[in-house]
Amino acid sequence: MDKLLLEEVIARYKHPKHRGDTKSKCCKKCSAKNLSCGDDVVLYIGIQSGKIANASFNGSLCSIANYGADLLCESVIGKTVGEAKSITSQELLKTNTGLLGNPVRLKCFELAQDALKLL
Amino acid sequence: MNRNDFPIFKNQPSLVYLDSANTTLKPQNVINAVQNYYENYSANIGRTTYDISEHATAAFNDARTKVARFIGAQPSEIIFSHSATHAINQAAFGIMHLLQPGDKILLTEFEHNSNVVAWQQVAKRTGAKIVWIDDNPNLSDVKIFTYSLVSNITGELFDYRSIVKNVHTQGGLVLVDATQAISRLPINVDQLGCDLLAFSSHKMYGPSGVGVLYARQETMGRLQPLVYGSQTFVSISRASTELLENYAKFEPGTPNIEGVIGLGAAIEYLNQVGMAKIQQHDEQLTTYALKTLQNAALNTTTRSSHIKKQVGVLPLPHPTIHPHDFAMLLNEANIAVRAGKACSDILMQKLELERGVVRISFGVYTTETDIDKFAAEYQEIIARFTNG
């Protein structure tokens, strides 16, 4: 994996920007579990005037799943649920495309996206 | 101990390979045997009489003899399959017709998923009942007992001879999954007292795509084929087929010829190094790793009265850092390990390790330096994930 991406993944693992339980502001909740590795994620999605106003996540996640969840929560703000569901890994990773070629870890990265699709 | 025999280390000099329980690396003589077949006599076997076909048939038969001698069996008791999983399925579905509703199939919590799923399917089809040894079940009506000789997670070597005796007294059959044990210690089917024994080539320095099912002569007579096809019968007509009454009826179609020949070469290699020496090497490395890694390795000393010792496989659980994160960062240092549940979900559920473990496992090429590099990197990863 690209060294800079790895550093960012670990930094986000230690200091995630959107990790936490925002039940008080939350309108909707969705979750997903990776049965092969035991990871699970819960997304808390707050909706105001038809758009996502706040998003956070919690759960038991590896660093890559944590990274995917954190980036997803960051990028859904201001979007409709439909728009948020259509966000792709490529859009989240931008130029850090190395992960796209690793199907096992990509599955980890997409765990939060899998949860959001169930909303 | 034998690093120079493995050309991968010339091509990947910095590789620290600690995943031999997953698959072993291949020595030069195995690579040569497969290449020699392709380059000099790559014909089909047992069907034609030209020279290169006769050569291939002889080499294939020779490999069967080597396999048999390696485990103290007769060549006629060896069935080649595609994998250990396939061999286990051949055993399970081959004796399914002997089971009645209510019969018990006894499993241990240490089984690889392959040795669970097949039996659950057999139980579903027959009405037989799966019972687990750690539940201390009543052993009456146990018709099948199957166990891993060495756990693929904990590396523990088991001795179930008292239960084997009990099952045999009732007329039951015993299948040993020797997949992890076969490359780590001398195996003798008579000493084990088993009726069936399964293992794979790729975990014993041979090519992938080949498994072995040993079936004691009288057990083979009771076994039904899992797959049917050509080269398995005495006669065939529009009305019916009369099957052979030997191992050939379990090997329809063209087998993995080069794989079996490669397996024969792997056995030559293991015999040349010496199984007693390999076992000693494994045990020394295990002791060294347990000492070097101190409290990181799972404590495996108290769970089963049937455990004899630990050989060549160590699980390392961590309370917070995901095994896949360890594996990802170890890979950055060119250290190869297995991470996760390693196809042993039942044991992981019992140990409440839903995310699994980092598993390190040794081969004849593993050195104490490999373990030192791993230990240093393992500690470094913990620091990277927890500091700052």
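Predicted model: local features only at pLDDT ≥ 70, side-chain atom pairs only at ≥ 80, totals over all residues.
A residue is called buried here if 20 or more other C-beta atoms lie within 10 Å of its own. By that count, buried residues make up 37% of the 119 residues in chain A.

Chain A has six helices and three strands. Going along the sequence, the pattern reads α-β-β-β-α-α-α-α-α. The radius of gyration of chain A is 13 Å, close to the 14 Å that the globule rule gives for 119 residues, so chain A is as compact as a globular protein of that length. Taken along the principal axes, the C-alpha atoms of chain A fill a box of roughly 40 × 25 × 25 Å. Of the contacts in chain A with a separation of 6 or more, 58% are between residues 24 or more positions apart.

One spot in chain A deserves a quick look. Ser49(A) sits in the loop between strand E2 (40–48) and strand E3 (51–60) of chain A. Phi of Ser49(A) is near 50 degrees, which is a positive value in a residue other than glycine. Ser49(A) counts as exposed because it has 5 C-beta neighbours inside 10 Å, and the cut-off for exposed is 12 or fewer.

Now for chain B. Chain B has 13 helices and 16 strands, and 49% of its 388 residues count as buried. A compact globule with 388 residues would have a radius of gyration near 21 Å, so the 22 Å of chain B agrees with that. Along its principal axes, the C-alpha trace of chain B spans about 75 × 55 × 35 Å. Residues 24 or more positions apart account for 71% of those contacts in chain B that have a separation of 6 or more.

Where the two meet, 31 residues from domain 1 of chain B and 29 residues from domain 2 of chain B take part in the contact. On the domain 1 side, helix H10 (275–293), strand E12 (307–310), strand E13 (313–316) and helix H12 (345–350) of chain B each supply at least two residues. H10(B) gives the largest share of that side, with six residues. Sorted by class, the side of domain 1 of chain B that touches domain 2 of chain B has 15 nonpolar, nine polar and seven charged residues.

Chain B also holds an open sheet of seven strands, in the order E2-E9-E8-E7-E5-E3-E4 (chain B), with mixed pairing. Strand E2 (78–81) and strand E4 (129–132) of chain B are the edge strands, each pairing on one side only. Direction ignored, neighbouring strands of this sheet are turned by 20 degrees against each other on average.

What about the place where the chains meet? The contact takes eleven residues from chain A and twelve residues from chain B. Helix H1 (residues 3–14) of chain A provides the largest share of the chain A side, four residues. By class, the chain A side that touches chain B has seven nonpolar, two polar and two charged residues.

Both chains also show up around helix H11 (residues 323–332) of chain B. This helix is mostly covered, with eight of its ten residues buried; among them are Phe326(B), Met328(B) and Leu329(B). The cover over the buried residues of H11(B) includes helix H2 (63–76) and helix H5 (103–109) of chain A. From chain B, the cover includes strand E14 (335–336), strand E15 (338–340), strand E16 (357–361) and helix H13 (368–386). Just after H11(B), Asn334(B) takes a positive phi of about 60 degrees. Ala342(B), in the loop between E15 and H12 of chain B, has a positive phi of about 50 degrees although it is not a glycine. Ala342(B) counts as buried because it has 24 C-beta neighbours inside 10 Å.

Definitions and conventions: Residues numbered from 1 in each chain as written. Chains lettered and ligands numbered in written order. Rg over C-alpha atoms; globule rule 2.2 N^0.38 Å. Contact = placed C-beta atoms within 7 Å. Nonpolar A, V, L, I, M, F, W, Y, C, P; charged D, E, K, R; others polar. Pairing = 2+ DSSP bridges. Axes fitted to C-alpha atoms, helices over the stretch in contact; angles between N-to-C directions.
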